[in-house]
Amino acid sequence: LSMSCTLVTAHTPTGPTSPTVELQVKDHVATVISTLNYQNKEDKPVEAVFVFPLPGDAAVCHFSAGIGETHIVAELKEKQQAREEYDDALSSGQQAVLLEESEETPDLFFLSVGNLLPGQSVFIRLEYVTILAVEADNGLRFCLPAVLNPRYQPQGVSFDIVLPASEVPYSLSFSARVSSPRPVSKVESSCSLEPLQFLNSDHTEAAVKLAAGHKFDRDVELLIYYKDAHQPSAVVEAGQDSAEPGTLMGDPVVMLSLYPEFPESLMSPLATCGEFVFLLDRSESMSSSVSLQDTLLLLLKSLPTGSYFNIYGFGSRFSQIFLNSVEYSEESMEEALKKVRLMLADLGGTDILQPLKYIYSQPFISNLPRQLFILTDGKVENPNEILDFVKNNAGSHRCSFFGIGEGTSSALINGKRRNDRTVNVFLTVMQSLKSALEPVVKDISVIWDLPKGVSATVLSPPITTIVRGQRSTIYAQLSGKILSSQTDCSVTLNYTLGNRSFKNQLQFHLNPSKETGLTVHRLAARSLIRSLEVEERDNRGKSDEDMKKKVVELSVQSGVSSGHTAFIAVNKDSGDAVQGPLVHGKIPRLGEIFWHLNCSPDLKIVKDKIIVAKAIFEICISNIPIFHSIFRSLCEPPRRDPLLQLQKASGCWLLDEGLPSVLGKTSEEVEESKPAEVSSEVWATILALIWLHGFKMDAKDEWELLAVKAASWVQAQNEHSGNVTFVSNSVQGPIRILPFKRK
């Protein structure tokens, strides 16, 4: 319902007529309302089964259906009870709808519509709320899965028909309305949009629509930008009038959005060495997925010296390149890359859990934090168990999941969508590596300062990880007597970074508002439900029923779906009972799983670390004809250019290994331009850095860490020479006399 679907019966596919999606964004909170219309074109009653993805952290809070002239609103009930009511309704000839969350993964939903008469139409309305993720460039990302290829098939589910995008017989109507206390700067998309319309003079409200002709060949992705983005904020929402005081829905709930700031001097991406473990999906489902070689090339080239690394492949079994993690060097990097090039998707099924347990059981290397990167297409059978296991080990490991393969949305770079499906893997993995290379934030605590008689019960999990540029969200239920005169409250986030203590304090007013409806309560309920479900799986066999009861009660009370509840609605006004056998139809799941866990990769761009490269670039690019000649004489290079493959583990480049041809020059031309007092390695590295900054800025996220390491290497050579201005002063005069003219 948040994507395109095709109704598939046993005979003829029948599609929805113009599915409609309305997105309402208030600051960083999104409400999504999806409506789909279907018609049974069979000559017999139909039971239609829809399988579709939703964001894993979405709070599904409304589900209704219109069958014929009757509109029915579904209720949340314990899942087994809801299933029995649905089956009983169908058995008695009544019409019914059932919406339930998959027991295997929280981002997959099943919708069943029973006893739809021949020629009869049904419309489905679904509403959910979610928090928008922060991207590396401070944009807020919303993604509407709309790809028609199924990402994976859950156990027991088979899909009969998959339509190519060109044959989809319907169109998508998508509109978004954005509002914020701060002006809306721009809205970008991976798809064609109509022009952005501002709805007031201060640009704090805006609207945009998807342009006509969407082909369902990609997810609908929006990036929303605000001026003065991402300021700490607090929203205090009043409880529900009809709910009992002292309950989650009866008391006010506060949502705190914190954006900790770190001193740039402590955040050098080369300041932290570590043990880097890469776990690659080599199951048979990866046979048609994109190659991981380029991804690993960038990752390995970007590692700082002094680190350790290893690469594992997994399927039904797993293997590793090295017996134990090895020190990062030119020799170990080249050996790893040679073995990676020989890797095939030949390890059978997809069992991530066993290699995870093995990796986590290995002894740590002294003073080196372990960073784990998992690249998979998401076709796994036990995602909840995997995520729980990783979360339980979050105190000792940083871990990131990355989805790859068909249907993966591309990232937006400089407002343009790249059609290569590997782009979002490169972008997010490299950003996550930046995060992994930054110092670890420790000793995190939250202190509340509330008026006397008012207390806060935190509903969200404790903050165990803080990532630069990312939002830390806290939900809390406020109890006690809140007076209108009590306005001064604060929350202080304490943490340690690089042996220094920091405090981020947020002041807010304790005036509950009803303007937000129950959005904050529902998001808080969803957060608490997820925590209880994780705790239940951890304690399986001990307090299973008690925990399940808590989840069901909270889900029903808040109106937010869970793994133990389902939405059920029965049309009791359908008149005569439906007669005859049902034709069963299935809807393929559309979209894909894209996991980020614990260590989110979205970071601010490092601005001042490439000091040497920036200085050289500013000196040379405007005054030295060779660089104009190099840039202008090149044909359009391949997206993954060979320059990155030539870099050494130390960070430098050599003149004699293909560099001149990459620059579009002969070896003699490049060698003759070298100042006498500059070594060949330093000169080659300078040329490579300038080429990247002058020609590949659109791919900066991919090579930035390589450039940081290269610039640090050059700077180290300067310091060893005893003259910190050695490079910048020596490269100017000799280059200017080169016999190259600007074209």
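Visitor: Hi! How many helices and strands are in the secondary structure of the protein?
Guide: Welcome! The protein has 17 helices and 35 strands, and what you are looking at is a predicted model.

Visitor: And what share of the residues is buried?
Guide: Of the 743 residues in the protein, 57% are buried.

Visitor: Let's talk helices. At what angle do H2 and H3 pack?
Guide: Helix H2, residues 293-302, packs against helix H3, residues 330-341, at an angle of about 170°. Their axes are 10 Å apart.

Visitor: So is H2 roughly parallel or antiparallel to H3?
Guide: Roughly antiparallel, because of that angle; the cut-off for this label is over 145 degrees.

Visitor: Which residues in H2 and H3 meet?
Guide: From H2 there are Gln293, Leu296, Leu297, Leu300 and Lys301. In H3 they meet Met333, Glu334, Ala336, Leu337, Val340 and Arg341. By class, this contact has seven nonpolar, one polar and three charged residues.

Visitor: New topic: where is Thr457?
Guide: Thr457 sits in strand E30, which spans residues 455-458.

Visitor: Why does Thr457 count as partly exposed?
Guide: Because its relative accessibility is 41%, and partly exposed covers the range between under 20% (buried) and over 50% (exposed).

Visitor: Which residues does Thr457 touch, not counting those up to four places away in sequence?
Guide: Thr457 touches Tyr475, Ala476 and Gln477. Tyr475 is 18 residues apart from Thr457 along the chain, and the C-alpha atoms of the two are separated by 8.5 Å.

Technical notes: Residues are numbered from 1 along each chain as its sequence is written. This is a predicted model: local features need pLDDT of at least 70, side-chain atom pairs count only at pLDDT 80 or more; totals for chains, interfaces and linings use all residues. Side-chain values use heavy atoms; hydrogens and water are left out. Helices (H or I, at least four residues) and strands (E, at least two) are DSSP runs, numbered from the N terminus. Buried means under 20% relative accessible area, exposed over 50%, partly exposed in between (1.4 Å probe, protein chains only). Axes are lines fitted to C-alpha atoms, for helices over the stretch in contact, and angles run from 0 to 180 degrees between N-to-C directions. Angles under 35 degrees count as roughly parallel, over 145 as roughly antiparallel, 65 to 115 as roughly perpendicular and the rest as oblique. Contact means heavy atoms within 4.5 Å. Ala, Val, Leu, Ile, Met, Phe, Trp, Tyr, Cys and Pro count as nonpolar, Asp, Glu, Lys and Arg as charged, and the others, Gly among them, as polar.
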